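Colleague: Could you take me through this model with me asking about every label as we go? I would like to hear the value and the cut-off behind each one.

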Amino acid sequence: MVKPRFYPLLLLFIGAIAAAYYWSQPAVPEQADYYPAGRDINPFTLTDEDAQPFTPANLTGHWSFLFIGYTYCPDVCPTTLADLRSVYPALKKIAPTSQVVFISADPQRDDSARLKSYTAFFEPEFKAATAPHSALFPLVRNLGLVYSIVEGDRKDYLIDHSASIVLINPEGKLVATFRPKVAPGEVPHVDMQTMVADFARIVRLAGE
């Protein structure tokens, strides 16, 4: 039996061990919706900017940042892609296998050539892909994102779509969603510095 006079020392010792364990653990993401076990993504087949199939195999082995939009988008898409370009070197420094994938929700107008030209304007290494809505919509929903065509009978129709960015781990599982800041009169956008910081935490938690 531990004598009463040893209680303070014992508690101090236990507290020191607990503190050391706490500080040795990687910090969890602060802003991202984080899914530690990862969420499965159903099989899919898109067509990329080189007119080649884009399937889950293109995500395996990479940390993939997926963003949905379309090339005729007047605000959210160019803003988000420009933001991603600005932090792309930081993402690659954290994990050299990082890639950015722009998924077009406008297969009628966004063919492979247009997608390649559009994403290359921001960063030649950015990937892009699309597919008929019958294949695209289930994937977008599976990723927890949404889109809808506004006034589709017009030639210059717009598409409402999520401004979130999702993160797929090298095993091809959805592990995080970075949601945009929304302020009156401003274009919704994901805070890039926060995303980079959370990405670093997620990579550490993955043991890489």
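Colleague: Why is Ala51 called partly exposed?
Modeller: The relative accessible area of Ala51 is 48%. Buried means under 20% relative accessible area, exposed means over 50%, and partly exposed is what lies in between (1.4 Å probe, protein chains only). Ala51 is therefore partly exposed. Please keep in mind that this is a predicted model: local features need pLDDT of at least 70, side-chain atom pairs count only at pLDDT 80 or more, and totals for chains, interfaces and linings use all residues. Residues are numbered from 1 along each chain as its sequence is written, and side-chain values use heavy atoms, with hydrogens and water left out.

Colleague: Where does Ala51 sit, and what makes its phi worth a remark?
Modeller: Ala51 belongs to the loop between strand S2 (46-48) and strand S3 (53-54). Helices (H or I, at least four residues) and strands (E, at least two) are DSSP runs, numbered from the N terminus. The phi of Ala51 is near 65°, which is positive although the residue is not a glycine. Most residues other than glycine have a negative phi.

Colleague: How do you know whether Glu30 is buried or exposed?
Modeller: Glu30 has 58% relative accessibility, so it counts as exposed. Its place is the loop between helix H1 (7-24) and strand S1 (33-39).

Colleague: Let us turn to helix H2 then. Why are H2 and H3 called oblique to each other?
Modeller: The axes of helix H2 (residues 76-94) and helix H3 (residues 112-122) cross at roughly 50° and come within 9 Å. Axes are lines fitted to C-alpha atoms, for helices over the stretch in contact, and angles run from 0 to 180 degrees between N-to-C directions. Under 35 degrees is roughly parallel, over 145 roughly antiparallel, 65 to 115 roughly perpendicular, and the rest oblique. H2 and H3 are therefore oblique.

Colleague: Which residues of H2 and H3 meet?
Modeller: From H2 come Cys77, Pro78, Leu81, Ala82 and Arg85, and from H3 come Tyr118, Phe121 and Phe122. The residues of this contact divide into seven nonpolar, no polar and one charged.

Colleague: What is there to say about a bend in H2?
Modeller: H2 bends by about 50° at Val87, with a proline, Pro89, following within four residues. The bend at a residue is the angle between axes fitted to the seven residues ending there and the seven starting there.

Colleague: And which residues of H2 are buried?
Modeller: They are Val76, Cys77, Thr80, Leu81, Leu84, Val87, Tyr88 and Leu91. Among the elements covering them are strand S4 (63-69), strand S5 (98-104), H3 and helix H5 (192-205).

Colleague: What makes Val100 buried?
Modeller: Val100 has a relative accessible area of 1%, so it falls in the buried class. Val100 lies in strand S5 and touches Phe65, Leu84, Tyr88, Phe126 and Lys127, not counting residues up to four places away in sequence.

Colleague: How do you know whether Ser164 is buried or exposed?
Modeller: Ser164 is buried, with a relative accessible area of 6%. Ser164 lies in the loop between S8 and S9.

Colleague: How much of the protein is buried?
Modeller: Buried residues make up 41% of the 208 residues. The protein has five helices and ten strands.

How values were computed
Contact = heavy atoms within 4.5 Å. Nonpolar A, V, L, I, M, F, W, Y, C, P; charged D, E, K, R; others polar.
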